[in-house]
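Q: Please explain how the helix descriptions for this structure follow from their definitions.

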Amino acid sequence: MAKKIKLLLIFLAPVLCSAQTLHSYLRKGNDSYKKQNFKQADSLYRKALKVDSNSVKAKFNLGDALYKQNKMEEAEGYFKKLAEDKNSDDKLKAESYHNLGNSLLKQNKLEESIEAYKKSLKINPTDEETRYNLAYAQKKLKNQQQQQQQNECENG
């Protein structure tokens, strides 16, 4: 019996250490993020992903850290993958679409941001922040289109 327990511990040790390391990187990354040290948080979330490339927490948090560093295209990629991942739960999908919309809005990809916000609201229709961001993006797109029409009329 003692041999079986020792063997079990030998086989489980790497898994337990790996999980602890993942948790440790995520916790340290979150601490850095809270201190607004987004570059360090970025690095720690990437280390977490090296331990577990499927960690949705690490992917989502990395997307947030990239967004805070104005690395919108890279943030967009992480949020898009999470939003479209069949393994993501509804809450994560809604939050990922919301953040995807924010990343696209910052890049002035207005029509795409509007679609992302709509997808988020389809999953979570009670999210007032997403509803506000959708209205803002729609208004910005309308103003942009009106400005283009004015320019076309003036240039005739």
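A: The model is predicted. In helix H4 (residues 72-84), 13 residues at 1.5 Å a residue should span 18 Å, and the end C-alpha atoms are 18 Å apart, which agrees.

Q: Which residues of H4 are called buried?
A: Buried requires under 20% relative accessible area. In H4, this holds for Met72, Ala75, Glu76, Tyr78, Phe79, Leu82 and Ala83.

Q: Why are the buried residues of H4 said to line one face of the helix?
A: Viewed down the axis of H4, the buried residues fall within an arc of 165°, so they line one face. The face turned away from that buried side carries Glu73 and Lys81, which are exposed. Exposed requires over 50% relative accessible area.

Q: What covers the buried residues of H4?
A: The cover includes helix H2 (38-51), H3 and H5.

Q: What makes H3 and H5 roughly parallel?
A: Helix H3 (residues 56-68) packs against H5 at an angle of about 20°, with the axes 11 Å apart. Angles under 35 degrees count as roughly parallel, and H3 and H5 are therefore placed in that class. The contact involves Val56, Phe60, Asp64 and Tyr67 of H3, with Leu92, Glu95, Ser96, Asn99, Asn102, Ser103 and Lys106 on the H5 side. The crossing of H3 and H5 is left-handed.

Q: How do you know that the length of H6 agrees with its number of residues?
A: Helix H6 (residues 110-123) has 14 residues, which at 1.5 Å a residue should span 20 Å; its end C-alpha atoms are 20 Å apart, so the two agree.

Q: Why are the buried residues of H6 placed on the same side?
A: The buried residues of H6 are Leu110, Ser113, Ile114, Ala116, Tyr117, Ser120 and Leu121. Around the axis of H6 they cover an arc of only 165°, which puts them on the same side. Glu111 and Lys122, on the other side of H6, are exposed.

Q: Against which helices do the buried residues of H6 pack?
A: They pack against helix H5 (90-106) and helix H7 (128-155).

Q: Why is H5 called roughly antiparallel to H6?
A: The axes of H5 and H6 cross at roughly 160° and come within 8 Å. Angles over 145 degrees count as roughly antiparallel, and the crossing angle therefore makes H5 roughly antiparallel to H6. This crossing is left-handed. Residues of H5 in the contact include Tyr97, His98 and Leu105, and those of H6 include Glu112, Lys119 and Ile123.

Terms used:
Residues numbered from 1 in each chain as written. Predicted model: local features only at pLDDT ≥ 70, side-chain atom pairs only at ≥ 80, totals over all residues. Heavy atoms only, no water. Helix = DSSP H or I, 4+ residues; strand = E, 2+ residues; numbered from the N terminus. Expected span 1.5 Å × (residues − 1). Buried < 20%, exposed > 50% of the residue type's maximum accessible area, 1.4 Å probe, protein only. Arc of directions from axis to C-beta. Contact = heavy atoms within 4.5 Å. Axes fitted to C-alpha atoms, helices over the stretch in contact; angles between N-to-C directions. Parallel < 35°, antiparallel > 145°, perpendicular 65-115°, else oblique. Left-handed = near helix turned anticlockwise from the far one by under 90°.
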